[in-house]
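User: Could you take me through this model and show which rule stands behind each label? I'd like the value and the cut-off side by side.

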Amino acid sequence: MPQGGIEDGEEPKSAAIRGLREETGIVSAEIVAEVPKWLTYDFSPAVKAKVNRLWGGEWHGQAQKWFLMRLTNDDSEINLANGEADTEFSEWKWASPEEVIEQAVDYKRPMYEEVMRTFRPYLNEDGKAARSCKSSKW
């Protein structure tokens, strides 16, 4: 699930497309659906302590805007290095909505469940009409 921040003055849809390109190399994708509201989660205590130490300040969690995208080219377009020496991810795989939920960390799982409920009408029964791309952090 590629993610990224929104730059000053940037619209969430533009940020999602940019984030997808930056993290996966994908340029051939279209937005299929959007979760209508911002979803939030609280960091676990251990993650909160680490984030506060690394980012400075007092961080409690995140608010995210979710979009479902369809890859309009084939998998060969996916390039996690994408010309960058310092890549964030080392591998990727296609995952069913159920697998995405199962693999989510505990404190994010309710948000992932809501995202998948919202996107369910846009997916085939096998979850492959507009598949989820789950990235793994190295």
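Analyst: Arg 18 and Glu 22 both sit in helix 1, four residues apart, which is about one turn of the helix. Helices here are DSSP runs (H or I, at least four residues) and strands likewise (E, at least two), numbered from the N terminus. This is a predicted model: local features need pLDDT of at least 70 and side-chain atom pairs pLDDT 80 or more, while totals for chains, interfaces and linings use all residues. Residues are numbered from 1 along each chain as its sequence is written, and side-chain values use heavy atoms, with hydrogens and water left out.

User: What makes Arg 18 and Glu 22 a salt bridge?

Analyst: Their closest N and O atoms are 3.1 Å apart. The rule asks for a side-chain nitrogen of Lys or Arg within 4 Å of a carboxyl oxygen of Asp or Glu, so the pair qualifies. By this rule the count comes to nine.

User: Is Arg 18 buried or exposed, and how does Glu 22 count?

Analyst: Buried means under 20% relative accessible area, exposed over 50%, and partly exposed in between (1.4 Å probe, protein chains only). Arg 18 comes in at 13%, so it's buried; Glu 22 has 39%, so it's partly exposed.

User: Which residues are linked with Arg 18 in a network of salt bridges?

Analyst: Glu 7, Glu 10 and Glu 22. Glu 10 sits in the segment before helix 1 (12-24), and its side chain has a polar contact of 2.8 Å with that of Arg 18. The cut-off for that term is a pair of N or O atoms within 3.5 Å; within protein, one must be able to donate a hydrogen and the other to accept it, and residues adjacent in sequence count only if both atoms are side-chain atoms. A polar atom of the Glu 10 side chain also lies 2.9 Å from the backbone nitrogen of Glu 7.

User: What does the salt bridge between Lys 65 and Glu 34 tie together?

Analyst: The closest N and O atoms of Lys 65 and Glu 34 are 3.0 Å apart. Lys 65 is in the loop between strand 3 and strand 4 (67-71) and Glu 34 in strand 1 (residues 29-34), so the pair ties together parts 31 residues apart in sequence. Lys 65, at 19%, counts as buried, whereas Glu 34, at 33%, is partly exposed.

User: And how far apart in sequence are the parts joined by Arg 120 and Glu 98?

Analyst: Their salt bridge has its closest N and O atoms 2.8 Å apart. Arg 120 lies in the loop between helix 4 and strand 6 (132-137), and Glu 98 in helix 3 (residues 97-103), so the parts it ties together are 22 residues apart. Arg 120 has 35% relative accessible area and is partly exposed; Glu 98, at 40%, is too.

User: What share of the protein's residues counts as buried?

Analyst: 36% of the 138 residues.
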